[in-house]
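Let's take a walk through this structure together, one interface at a time.

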4 protein chains.
Amino acid sequence: MHVTLEEAQKAIAAAIDKAAELGTCMDIAVVDSGANLKAFIRMDDAWVGSIDIAFKKAKTACFFAMPTGQIGKLSQPGGPLYGIEHSNEGLITFPGGLPIVNTDGILIGAIGVSGSTVEHDHLVAKAGAEAIGLADLPVHPWRT
Amino acid sequence: MHVTLEEAQKAIAAAIDKAAELGTCMDIAVVDSGANLKAFIRMDDAWVGSIDIAFKKAKTACFFAMPTGQIGKLSQPGGPLYGIEHSNEGLITFPGGLPIVNTDGILIGAIGVSGSTVEHDHLVAKAGAEAIGLADLPVHPWRT
Amino acid sequence: MHVTLEEAQKAIAAAIDKAAELGTCMDIAVVDSGANLKAFIRMDDAWVGSIDIAFKKAKTACFFAMPTGQIGKLSQPGGPLYGIEHSNEGLITFPGGLPIVNTDGILIGAIGVSGSTVEHDHLVAKAGAEAIGLADLPVHPWRT
Amino acid sequence: MHVTLEEAQKAIAAAIDKAAELGTCMDIAVVDSGANLKAFIRMDDAWVGSIDIAFKKAKTACFFAMPTGQIGKLSQPGGPLYGIEHSNEGLITFPGGLPIVNTDGILIGAIGVSGSTVEHDHLVAKAGAEAIGLADLPVHPWRT
């Protein structure tokens, strides 16, 4: 099951609103449950280098069905997943990527945001995900 | 000079309308004049394989400031640009990618469309480009 | 708005002078505001491995409109941007890359230098950037 | 034995003169005998997509010590080298790349030019190569 274009656009609109509220310029990517790009926008003046980071955050969140920051805690030197960023043609494991789960607990996609501090990136991703999905993830959301 | 988000969204909306009118499902990418992604959408049921093609068409049109199909005529076996697709981490040289030039004749970006026949792809790209730029390209549109 | 060839050559000439003054051999890259290569030189006896580093430093500085070393402080283990180097087909986040901003505060490109210590790399990049742009960056330099 | 920076700059200056004489805007790359970039410039208004093509032409000419167009004649469908462009992370096999051979018949590098018709590209590359090397290649120029 995949996020629809209407849902993706709704998530992006909510994320843009949050980004503006925070006074930031963001790159925002939404992928479906196959981690394939569904929609993307780069706000005016947002970093060009954040295009790929936003996409990789969405991909990472989708691939492991968890927030990117959660993986980052495990991938530090000495941690159990040290170096995981080298897989899958590049992962981004700091905050700003969130799975999107529907009300049946099914993973339908993910959102990735980049362009400010990781705290802001996370808040904007959360606003986007919540506009179309659950705020709280089930223990193991998965896809059909 | 670069396409703004508002312009990119206007181009994509016009392209979606055209795609719907033709009864097709399209992937639509808009890049700025540096060929960096500005906005993208994948219509529901559109090919996943067309994500990259739409982007590469936009990139190709921007990189050479001409319609992708024009390059494709020169890159056939025996043609002067045979094999050009191997450059720039992959070009797409069949129709569906168009430069976007503003009313001052300046290249501000490009649009790439993939998801149907190349004739349809081209029509949808044209509808998108015309919504925010010139329909007819100057001889050598270029960027500032 | 993009750095011109004349400006890029002026920046490289100033950077070569500085490199010679420091008794170093450098690779020096200048990109435009789309992070596309505008000019490059490798001084005789400079490291071949620094070709790509010089380019990636220029790209990184352009993509995030800040000195590369500033990003490197945030991307250390435990830092908020740990692992950012995996994005954008490889970033370089140690010193030696600087945005080039014109007197209107507009980002027109970036310079990347590699071939010696990072302190020397930074000094040479600074000499190049200052030859054609501002020495001090505005808070949020950006491109039109 | 490798082209020096002074030689590379001399070749590029001669190539720029020829490009201007022809009324064209070119991307010009010079590599050493290891096919590693020595110097590059992109003239104002030259295609961004030609950056990589100019480099790949220089690399191709160096890797096989022959003009790129000569390889292209052999890589057509049905030809003995069909598909060779897939090797070496991408070759360009149409005209515009030439080996640079010194007066001892030793390959010291190569030049690649892209930005206009292949006929113009070739003429500009030839002007660059002749400024520092032999016009006529020995049967099998090779490097030390």
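Across the interface of chain B and chain D there are zero salt bridges, a salt bridge being a side-chain nitrogen of Lys or Arg within 4 Å of a carboxyl oxygen of Asp or Glu. Before going on, know that this is a predicted model, where local features need pLDDT of at least 70 and side-chain atom pairs count only at pLDDT 80 or more, while totals for chains, interfaces and linings use all residues. Residues are numbered from 1 along each chain as its sequence is written, chains are lettered from A and ligands numbered from 1 in the order in which they are written, and side-chain values use heavy atoms, with hydrogens and water left out.

So what does join chain B and chain D? Here the rule finds seven residue pairs in polar contact, both at pLDDT 80 or more (a pair of N or O atoms within 3.5 Å; within protein, one must be able to donate a hydrogen and the other to accept it, and residues adjacent in sequence count only if both atoms are side-chain atoms). On the chain B side that touches chain D you'll find nine nonpolar, six polar and two charged residues (nonpolar is Ala, Val, Leu, Ile, Met, Phe, Trp, Tyr, Cys and Pro; charged is Asp, Glu, Lys and Arg; the others, Gly among them, are polar).

Look for A:Trp47, A:Val48 and A:Phe94, which supply 31% of the area chain A buries against chain C, more than any other three residues.

How are chains A and C related? A rotation of 93° with 0.0 Å of shift along its axis superposes chain A on chain C, with an RMSD of 0.1 Å (by least squares on the C-alpha atoms of residues with pLDDT of at least 70 in both). The two copies are thus related as by a four-fold rotation axis. In chain A, the C-alpha nearest that axis belongs to A:Pro77, 4.7 Å away. Only 14% of the interface residues of chain A are also interface residues in chain C, so the copies meet through different surfaces.

Note on methods: Buried area = accessible area lost by both parts, 1.4 Å probe. Contact = heavy atoms within 4.5 Å.
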